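Keep the viewer open as you read.

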Amino acid sequence: MAPSEALTSVILGPDDVPEGLALSDAAGWNQTADDWRVFVTQGRVFGLRDGDAGPLVATAAALPYEGGIGWVSMVLVNAAWRHQGLATALMARCVAHLRSLGATPVLDATPAGQQAYLRIGFEDGFALARWEGSVTAAAPRPAPPADAGTVSALDAQANGCGRGFLLADFLQRAGTRVGLSPARTGFVIAREGRRATQIGPLVADDESSALSLLQAALSGLSGRVFLDVPERWAALRAWLEQAGFVRQRSFVRMSLGAAPIASVNDRLFVLAGPEFG
């Protein structure tokens, strides 16, 4: 019997969050238990166990958004089980599930994953990069109070899909900070991650306004920071370099069909992360 034949297919629930978190921790990713809870409660996480009650060895998540968009992420395989087609099989289940809901699958791919996704029909959208840096707390800049409705509406305008449940979840988490632009036409969120504070999403009227929101978000933070920035924003990237941030890795937004979220919007400057788009 082939090793993969000993695996049992499962759908993850809230009780499986610690095992999912262990897989993403082993990969060095930044997702938290709160992130995993979003996937298992708002989407569907397909998994494979070693036997009927053995350890979780692989996962992939499908998260539908309003507007006919479905996000694919958390494609993880335990190191001992790699190169057996497990990720491909779980990806296929995510795609089939999202299509059954009438949603176009979209994801952020690493260069290695990009080639595999091209072979199954995904098409390239825009390029982006994760930036990493360290900051020292300064006096935080005051910002107008933000509510989930305002933030969700601005996010939907910039992404072409509704993610109200996700933004509301971010805002209710302990340690999350949110800032609105003075005119209340842009916002930025900073939330706690496993390895670093995650900045994003950041929506603004223009690149200058985006930089002001980013600087305000970084004020008051201390320690390691991650943020995912479309390559289009040259001035923002130049400021990050001057501030001592470095590129950690690159991604390509990809979709299996036409989707507005696959084209970088004029008002979207920092993403929520490759796990959420």
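This is a predicted model: local features need pLDDT of at least 70, side-chain atom pairs count only at pLDDT 80 or more; totals for chains, interfaces and linings use all residues.

Helix H1, covering residues 17-26, packs against helix H2, residues 33-42, at an angle of about 120°, and their axes are 9 Å apart. Angles over 145 degrees would count as roughly antiparallel and those from 65 to 115 as roughly perpendicular, so H1 and H2 come out as oblique to each other. As for handedness, the crossing of H1 past H2 is right-handed.

Which residues bring H1 and H2 together? On the H1 side you'll find Val-17, Gly-20, Leu-21 and Ser-24, and they meet Ala-33, Trp-36, Arg-37 and Val-40 of H2. Sort that contact by class and you get 5 nonpolar, 2 polar and 1 charged residues.

Next, jump over to strand S5 (residues 104-109), where Asp-108 lies. Is Asp-108 buried or exposed? Its relative accessibility is 9%, and since anything under 20% is called buried, Asp-108 counts as buried. The side chain of Asp-108 has a polar contact with the side chain of Arg-253, at 2.4 Å.

Now for the backbone. Most residues other than glycine have a negative phi, and most peptide bonds are trans.

Go to strand S9 (residues 197-203), which holds Pro-201. The peptide bond joining Gly-200 and Pro-201 is cis, with omega at about 5°.

Then there are two residues with positive phi. Met-74, which is not a glycine, has a phi near 55°. You'll find Met-74 in strand S4, residues 69-77. With a relative accessibility of 3%, Met-74 counts as buried.

His-83 is the other stop: its phi is near 65°, again a positive value in a residue other than glycine. Where does His-83 lie? Look in the loop between S4 and helix H3 (86-100). His-83 has 82% relative accessibility and therefore counts as exposed. So Met-74 is a buried case of positive phi, whereas His-83 is an exposed one.

Methods:
Residues are numbered from 1 along each chain as its sequence is written. Side-chain values use heavy atoms; hydrogens and water are left out. Axes are lines fitted to C-alpha atoms, for helices over the stretch in contact, and angles run from 0 to 180 degrees between N-to-C directions. Helices (H or I, at least four residues) and strands (E, at least two) are DSSP runs, numbered from the N terminus. Angles under 35 degrees count as roughly parallel, over 145 as roughly antiparallel, 65 to 115 as roughly perpendicular and the rest as oblique. A crossing is left-handed if the near helix is turned anticlockwise from the far one by less than a right angle, and right-handed if clockwise. Contact means heavy atoms within 4.5 Å. Ala, Val, Leu, Ile, Met, Phe, Trp, Tyr, Cys and Pro count as nonpolar, Asp, Glu, Lys and Arg as charged, and the others, Gly among them, as polar. Buried means under 20% relative accessible area, exposed over 50%, partly exposed in between (1.4 Å probe, protein chains only). A polar contact is a pair of N or O atoms within 3.5 Å; within protein, one must be able to donate a hydrogen and the other to accept it, and residues adjacent in sequence count only if both atoms are side-chain atoms.
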